[in-house]
Amino acid sequence: MDKCSSAMEFLENKNILITGATGFLAKILVEKILRVQPNVKKLYLLLRAANESTALERFHNEVIGKDLFQVLKKMWGGDFDTMISEKVCVVPGEVSLSEMGLKDSNLVAEMKNQVELIVNLAATTKFDERYDVTVGTNTLGAKHVVSFAKQCPNLKLLVHVSTAYVSGERGGLILETPYKLGESLNGIQGLDIATEQKVMEEKLEQLEENGATKEAITLAMKDFGLERAKMYGWPNTYVFTKAMGEMMVNDLKDNLPVIIIRPTIVTSTYSEPFPGWIEGIRTIDSLIVGYAKGKLTCFLAGINSIVDLVPADMVVNTIIMAMVAHELQPSDKAIYHVGSSARNSMRYIDFQRFNYQYFTKKPWINKEGNAVKVGKVTVYNNMASFQRYMNIRYLCLLKGLEFANKAFCHSFQDKYVDMKRKFNLVMRLIQLYRPYLFFNAIFDDTNVERLRMDIEKKDRESETLLDPKEINWEDYFMNVHLPGLVKHVFK
């Protein structure tokens, strides 16, 4: 059977549960399935919501209300609403809770009986989110999804979407291998997920008992997450809790058929359903927007370090084709790195050049209606030189302001507090992003390459994007990603 044409056959009459349905990748997956196979039987979409009406409201506002669905709306015309109501079942829930927070017993029974495929896309992706939030969604969420999957007698496959950066700051070639329960990146013994949950709960309880404000609790729990991550060798809370999520999946799956998808830095769509769709200011996009607005005049990065990007539709194509491949040839060890570093790597020097070229030709228009003039950014290629710059440029000024504030009876208090806050925020962000600004690992993508080669053998006319070598990064940035980002930010 031809794998490319079989993607549609594979999805036909399938009952699929997708968690984290309001997320960036989940929306693109939902749109793709409905567009290429309108005869899918049912998509159960789990959304974080307390009840059905809230879930439906979120679904209409945050999913099908987006521009992403304009192609599908044109295809289906007046039948769009009817098709959605027939094909989609919106499910209120919360993966961080046992039984995924599902309350409707009849719906739960129906899902357990009907669901054949589960794609777990529920995640919190902030690098320094509160530890209780990230453990809940990224780690315990994975546990609860596996537990639910085991109760589905007709389940053919669970797809768990993780991140390539569970590898932490390791360099060299990162293989598509699983993480074992209790395995740390720095060799420190004693990583135990039950213990992590316990110390997290104790920390939260202690803060509440001490009468800490909501803001103080949030900051303390963010710092606590970073502390726990670094204790075991991960650079931030996000990748630490995603690594523990993978450990949970591998430890609890037993005979459950599972594949793990590990994307790198996900960017706007390359071609499907149309080029340049993006949502939110994603990892590298905060740098782009800061530069375009004239606020980023210096940059910290290893100029020849790899920036491993992957368009969102390539990740979604890999999820679908990996499911097809698993049905044709089941494997219990399938992990897929989805990125570009192994076959078509881009460097920070390229990233800097593309931004300069684009915003020189098409400058950002500020609130006053004036074009923002951009220049070439000063690049600091190590932390020491950047720290010197910050000390000279800002810390000396801050110290002077502190002295003046004391001398003049706190007349400059507001200005001093605001400047100190901004300085601390910049330094915190730099510490969070530093591992990715000097990243030199390459993610082995042998399994995705095998998928691509199988498709190519059987259908040379296939236009399914799986190969990063098809991407011309300059063309993609100049004509797809940057225009898409500008359009999104100006909305």
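**Close-up views of a predicted model**

At 4% relative accessibility, I278 counts as buried; buried means under 20% relative accessible area, exposed over 50%, and partly exposed in between (1.4 Å probe, protein chains only). This is a predicted model, in which local features need pLDDT of at least 70, side-chain atom pairs count only at pLDDT 80 or more, and totals for chains, interfaces and linings use all residues. Residues are numbered from 1 along each chain as its sequence is written, and side-chain values use heavy atoms, with hydrogens and water left out.

**View A. I278 and H481.** I278 sits in the loop between strand 8 and helix 11. Helices (H or I, at least four residues) and strands (E, at least two) are DSSP runs, numbered from the N terminus. The C-alpha atoms of I278 and H481 are 8.3 Å apart. Along the chain, 203 residues separate the two.

**View B. A cis peptide bond at P273.** The bond from E272 to P273 is cis. Its omega is near -5°. P273 belongs to the loop between strand 8 (265–267) and helix 11 (285–292).

**View C. Positive phi at N13.** N13 is not a glycine, yet its phi is positive, at about 60°. The residue lies in the loop between helix 1 (3–11) and strand 1 (15–19). N13 is partly exposed, with a relative accessible area of 48%.

**View D. Positive phi at E99.** E99 is not a glycine either, and has a positive phi of about 60°. Its loop runs between strand 3 (88–93) and helix 6 (105–114). E99 counts as partly exposed because its relative accessibility is 34%.

**View E. Helix 7 against helix 8.** Helix 7 (residues 131–149) packs on helix 8 at an angle of about 150°. Their axes are 10 Å apart. Axes are lines fitted to C-alpha atoms, for helices over the stretch in contact, and angles run from 0 to 180 degrees between N-to-C directions. The two helices are therefore roughly antiparallel (under 35 degrees counts as roughly parallel, over 145 as roughly antiparallel, 65 to 115 as roughly perpendicular, the rest as oblique).

**View F. L175 in a nonpolar surface patch.** L173, L175 and I442 form this patch. Together they have about 260 Å² of accessible area, by the Shrake-Rupley method with a 1.4 Å probe; for residues, only the protein chains shown count as cover. Patch residues have over 30% relative accessible area and no salt bridge; like charges are joined within 9 Å, nonpolar side chains (Val, Leu, Ile, Met, Phe, Trp, Tyr) within 5 Å. A salt bridge is a side-chain nitrogen of Lys or Arg within 4 Å of a carboxyl oxygen of Asp or Glu. L175 lies between strand 6 (172–174) and helix 8 (193–209), in a loop. L175 is partly exposed, at 44% relative accessibility.
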